[in-house]
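Subject: Structure for your files

Hello,

Here is the structure you will be working with. My notes on it follow below.

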Amino acid sequence: MNIVYKEKKSLKENIDWDTIKQLRDGLKLVRLITSTAKDVEGEVMGHCVGNDLYEKEDIYSIWDNKNRSHVTFEANDGAKTIKQIKGKGNAAPVEKYMPATVESVCEFILKGYKVEGDGENVGMIQYEDEYH
């Protein structure tokens, strides 16, 4: 087994990550708490979350029932913004996870968040520098 996946299995709920919401199809939206959790997310997903670059950012992820990552959100909870919505390798989330991704974005919006980046990755349109 790859060292990154061993590290992912060692992450502890309520220490390294919290479940924010149960989503459809056995998926869940989680908040990554520790730098270790963020580092592992970046490695597993093939993007730059972690490595101390996102230490102060609020990172959320959609995980399946085996705690495998499928979509990563970069947010700023203080400013109530979503900066990035990424699938593996910085691509848009794959179609299979789009319903849960849209559900998560809607959950953020209902809590007063504003999407500032990657709205097109979930079917939003940009008009006058705002996603709708």
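The largest cavity in this predicted model has a volume of about 70 Å³. A search of the whole structure for cavities of 30 Å³ or more turns up one. Its lining is made up of His 47, Cys 48, Val 49, Tyr 54, Thr 72, Glu 74, Gln 84, Lys 86 and Asn 90. By class, the lining residues comprise four polar, three nonpolar and two charged. At least two of the lining residues come from strand 4 (69-76), and at least two from strand 5 (81-86).

Six strands form an open sheet in the order 1-2-3-4-5-6, and the pairing is mixed. At the edges are strand 1 (17-22) and strand 6 (114-115), each of which pairs on one side only.

- Strand 1 and strand 2 are antiparallel, with five bridges between them. Thr 19 stands opposite Val 30 of strand 2.
- The hairpin of strand 1 and strand 2 has five residues between the strands, and Asp 25 there has a positive phi near 60°.
- Strand 2 (residues 28-32) also pairs with strand 3 (residues 58-63), again in the antiparallel sense and over five bridges. In this pair, Arg 31 is opposite Tyr 60 of strand 3.

Next, the helices on the sheet. Helix 2 (residues 35-45) lies across strand 2, strand 3, strand 4 and strand 5, and runs at about 130° to strand 4. Helix 3 (residues 98-110) packs on the sheet as well, where it touches strand 1, strand 2, strand 3, strand 4, strand 5 and strand 6. The direction of helix 3 makes about 20° with that of strand 4.

Last, the charged pairs. Side chains of opposite charge can pair when their charged atoms come close. How many salt bridges does the structure hold? The count is 10. One of them joins Lys 21 and Glu 107, whose closest N and O atoms are 3.5 Å apart.

Regards

Conventions
Residues are numbered from 1 along each chain as its sequence is written. This is a predicted model: local features need pLDDT of at least 70, side-chain atom pairs count only at pLDDT 80 or more; totals for chains, interfaces and linings use all residues. Side-chain values use heavy atoms; hydrogens and water are left out. On a 1 Å grid over the protein atoms alone, a cavity is a set of points where a 1.4 Å probe fits but cannot get out, and a pocket is an open set with protein on both sides within 12 Å along at least five of seven lines; lining residues have an atom within 4 Å of a point. Grid points are joined across faces, edges and corners, and a volume is the space filled by probe spheres set on the points. Helices (H or I, at least four residues) and strands (E, at least two) are DSSP runs, numbered from the N terminus. Ala, Val, Leu, Ile, Met, Phe, Trp, Tyr, Cys and Pro count as nonpolar, Asp, Glu, Lys and Arg as charged, and the others, Gly among them, as polar. Two strands pair if DSSP finds at least two bridges between them. Contact means heavy atoms within 4.5 Å. Axes are lines fitted to C-alpha atoms, for helices over the stretch in contact, and angles run from 0 to 180 degrees between N-to-C directions. A salt bridge is a side-chain nitrogen of Lys or Arg within 4 Å of a carboxyl oxygen of Asp or Glu.
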